[in-house]
Each structure stands twice: as structure tokens, then as C-alpha cells.
Amino acid sequence: MALLEIENLGIGFGGLQAVAGFNFSLNQGELVGLIGPNGAGKTTVFNIVTGVYRPTAGDVRLEGKSIAGMKPFRVNRLGIARTFQNIRLFGGLSVLDNVLIGFNQSVAHGFLGTVVRSRRQQLEERMHEQEAIDLLRTFDLLGRLDDPARTLAYGPQRRLEIARALATRPKILMLDEPAAGMNPQEKMELMELIGAVRRKFHVGIWLIEHDMKLVMSICERITVLDHGETIAAGTPQQVQDNPKVIEAYLGKAEV
Amino acid sequence: MEAQQAPTATMLHRNQVPAWIMNVALVIVIAVLWPISVAFDKYLDSYVLDVLIRIGVAIILAVSLNLINGITGQFSLGHAGFMALGAYTGGVLLKHYQNQIPGELLPATFIGVTILGGVVASAAGLIVGIPTLRLSGDYLAIATLGFGEIIAVVLNQIDSIGKFEVGGSAGLHNIPHITNFFWTYAWVVICVVVIARLVYSAKGKPFFAVREDEIAAAAMGIDTTYYKVAAFVIGAFFAGVAGVLSATLSGNLDPGDFNFVKSIVIVVMVVLGGSGSITGSVLAAILLTYLPEQLRAFEDWRLVIYALLLIVMMLVRPEGLLGNRELWWTRKRLAFPEE
């Protein structure tokens, strides 16, 4: 049994079948890519898995338990964390607070303990701050601890979003175009970072990416979507050589 | 420079006063309010004292609304409704039983009634909070405005409940005067400390997260519904407390005092102080209660000047007096090495 299993997943919006017959599995520690042209349904798949949409067909199982149609906060608590294509940080809050909020579900004390500043509350706050600082060190954001998240440059914002997602202690990390808008140098660093995250946090990583070079170089397996259908799945080499993939990306060769 | 020392959590907290000392200090502060209150009753001009107490009530209202509007970002125009529920709960009960309460039990009874007023308002906050969760922005504002108006209209229509006199449109009068400087400012301290400690903590940070981005908050495992309802329940509780205090200050209640104009006055305090800033709300509540009194010298022009000041303020500083910041910011971080 894989950590995450997706079986025959489908969703339609009115007359539009956005995703159909999508199958997928992800194990702990794996790094798998999801690619496809614009409008192929990649983000839609992510949104179904994280509970934003309810699928109209098929099932999503985490550790054998169905999570299809569950509310997003419950999905996250079960161990799936994500980032967003159009970065969604808590812009007005500090870099440190963004990560600390990620730890919210590990808070064991209640409102009363908070108000009287109980010993347990003090202890937990310190523990979480220490963890947050460790995380931010990994993501090279320590120097900006107290700055509002929206004042960060694009690259650091992407990194902060990944750090925040990791703070929820996920088993699976889903990254929606983490390298979008980055320059080649930043992309290189991001690739290394994603590799390091996988080793350090033992998470399964599933990422959507447009940059083929990035996907091909770091992913072990790749799924290719086009018009909501899976047109190819396999190792980077298999996918690269698949004529359907070439067609989807470059169009049909006119001979 | 090599081998820079990495920051640790202990460094973050190095110059923070231990929690228990703060708690003891707070109890002492509240206790000290008592002799001050006695002295004020004796020596202070009754008009000045009245303004001081009304400032205290305004602080409670503004800070509690800030939790809902500024910190959690749920624009509510129903705060006067919550206040009215507390005010009438306290007013009706204290008027009915005023001759049956033995003098030595009056403080304890008053504490009980004040908390009860808060709980009644809280219950309304829960009832209003749940259906309005599907709404946001302008729609939520209108729904909460409707709630506040319903409370005012209903109170206007009820002359009595069983043997309890409510007063209807004539209002409720001759409520015992119990509120003094001590009761008001003890609640001010409790309200400010509770809300500030709540939101500036691990457990309370999600309130801000809901305001900043609900979708991202949910993706981080935050039950946004829970936090929105919690904001309404806690905010309404303190509005109810403020209601009881104001009812036993003047001794008179008029349903008209709790219409949407009152709600808007509180919203103005929150916006002027800086949405999300607790100390900002405190400052604005002081300013906007004190200023109209000072402007009495200008008679007819009073409200015009008041309104002009608000306009100028919003033009010059649209983010409010303090914006998102707080006055106290005690936690001074040691300089971090740039890496």
C-alpha cells in the first residue's frame, strides 16, 4: 500500500471534464513530478487532493484511508501540506510568524492556558520557536525573521511558503510550481533545496513544474497530463521519449 | 567573520519577564485600582470621573471589536447589539433584585451579573457567528448590522418578560448605580490582557492568519470556522460586559442607544486606532471619548469638527494611528547575524 493512492479520479465543472481517470501513487521519500501544458488540470488535481474541490469520481486515499471531499484543514492535519501557484503567504505577518502558524496543530494547550501564560504554554512556545528557527535556517531566511512576509523578494517568498508547509509536519509535500518566476540561478538553488528537504524531512514530494529541465533532473517518476487525461507516466527518460508528450508540448509534426 | 553564533529560542526570550511575575503584577494592578477608585469618588469632580469611566467602557468595546474586525478580519457592525444584550441582562436583573441584595453581597452579585451579561452576549455571538460564516466583507457587515438592529427593535417592543420589567420604548430607568472607576478599569485590564495574550501567542496566531488569507490558513491545518466563531464569542462577551457596566453607570437604558450609530462609533475607534492594533484601539477609544467632551465649548460646531478630524485623519494616516503595530512591543530581539 502506497502512502498516497489516487484511483480513477475525476472532476467535472458543469459540462467541462477537467480531470478524468487519474491514477497515481506516492511513497514516503519519493520525488514525483506532475507536468502538462497550461490548462491540463494539474492544479485541479492538487486542489482535489488537498480538499479544495470534491471529486465527482474516484477516490483519494492517504495511508489506506479515504480523504476525498474532506475539508482542507483536515487533509492538512492528516499529513498533506501544499504550496500555491500564486504564493499565498500571510503577507502582513512576520516571516517567523508565518512559520509559527504552521505549527498551530501541534499546540496542545487551550485558550485558557494561553491567557494565564501557563508553564506548558511557555514551554511549547519556546519549543516551536526553536523549531521555526531551525526550519528558517534550512531555508536561508534567518536574516529576515521579523520582516513582514510581503516585503520579501519572490524567491525567498517561495522558500518561506515551503518552510511554512513543512512546519505542519507533513508526510507529503505538494509543491505547485515552486520555481515559477525564478531566475536560472534561483532555480538551481531551489532544486538543491528540494533534494535536501526530501532527505532531511523524509517526506514524499509531489511537484507541478513547467521547467522541464528541473523536473527531468530531480524527479524519479513523472506523470503527464493533457486536457485532464493522463497521457504518459514513468521515469523521466520514458516520458521524454513518449511521442504523445512531444505532441502535447510541441504540437504534431507536419510531414 | 566566521563561526557566527546561531540564534536560539532562549536568545529570543532573554529579556522577557517570567509569566508568573506578570500575573502577580496584574493582580496587584487590579487591587490597587480599588483605593484609587475610593479616592476618585471622594475627591474627583463627578463629571471628570464620569468621562473617565466612559473612556474605560469605550476601551472595552473597541478592543473587543478589534478582535473581530481588525485581528480576525470579520467586518462586524453588530457590536452595539451585543452590548445591548449585556446591558439589558444586567439592567433588568439588578433593577428587579436591587432591594433583595444584601449590601455585603453586592460586589459578588455584581461580578456574577457582569459575567452573566457577557455570557448572554457571547451566546448571541455564537448564534450570529455560525450562519454569518458563509459571508464575508460587505455581506457580513450587512448581516451583522441586521442583527444589531433586530436587537434594538426587539428591546423597543418588550415592556416586560414575566415579572421582570424591561421598559420597552420608554426605556429602563432607576437601575442601581454600581459601576465605578474600580469595576470599569478592572474589566479594562482583564479585557486588554486576555485579548492581547490570546492573539499574541501560538494558540492565537491563527486569528491573524484567518484575516491574512483564509485559504492558506485552511491549508495550514487551521479550522477557520472555529477561529471565526471564537472571535465572535470572545468579542461579544466583552461587549456584553461593557453593556452591564454602562447600564449601571447612568442607571438608564434606552433601546435607541444601541442602534447602528453606536456600532459605527465603535468601528471608527477600531479603524482610527489601526485595525489589528490593540493599543491602537485603546488610544482611539480614549481620544474619541475625550475629544467630543473637550469640543463642548464649540457648541453647534462640535460634531462638525469631530467629523472633520476623522476625515483628515483618514487622509493623512489611512492605516490608523498605530497601523498594525503595538505600543508595548517588549520582546526585543538581539541582533541576528545576517547569513
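Keep in mind that the model is predicted. Where the two chains meet, chain A puts in 42 residues and chain B puts in 35.

**Where chain B touches chain A**
- Five helices of chain B each give two or more residues to the side that touches chain A: H1 (9-12), H2 (19-43), H7 (181-199), H8 (205-212) and H9 (214-219).
- H8(B) gives the most to that side, with five residues.
- Sorted by class, this side of chain B has 19 nonpolar residues, nine charged ones and seven polar ones.

**Two helices in chain B**
- Helix H4 (residues 79-97) and helix H6 (residues 137-157) of chain B have axes that come within 8 Å and cross at roughly 35°.
- On the H4(B) side you'll find Ala80(B), Gly81(B), Ala84(B), Leu85(B) and Tyr88(B), and they meet Phe147(B), Gly148(B), Ile151(B), Ala152(B) and Leu155(B) of H6(B).
- The residues of this contact between H4(B) and H6(B) split into eight nonpolar and two polar, with no charged ones.

**A look at Thr43(A)**
- Thr43(A) sits in helix H1 of chain A, which covers residues 42-49.
- Thr43(A) counts as partly exposed because 18 other C-beta atoms lie within 10 Å, while a buried residue would need 20 or more.
- Leaving aside residues up to four places away in sequence, Thr43(A) touches Gln85(A), Asp176(A) and Ile208(A).
- Glu177(A) is 134 residues away from Thr43(A) along the chain, yet their C-alpha atoms are separated by 9.2 Å.

How values were computed
Residues are numbered from 1 along each chain as its sequence is written. Chains are lettered from A and ligands numbered from 1 in the order in which they are written. This is a predicted model: local features need pLDDT of at least 70, side-chain atom pairs count only at pLDDT 80 or more; totals for chains, interfaces and linings use all residues. Helices (H or I, at least four residues) and strands (E, at least two) are DSSP runs, numbered from the N terminus. A residue is buried if 20 or more other C-beta atoms lie within 10 Å of its own, exposed if 12 or fewer, and partly exposed in between; C-beta atoms are placed from the backbone. Two residues are in contact if their C-beta atoms, placed from the backbone, lie within 7 Å. Ala, Val, Leu, Ile, Met, Phe, Trp, Tyr, Cys and Pro count as nonpolar, Asp, Glu, Lys and Arg as charged, and the others, Gly among them, as polar. Axes are lines fitted to C-alpha atoms, for helices over the stretch in contact, and angles run from 0 to 180 degrees between N-to-C directions.
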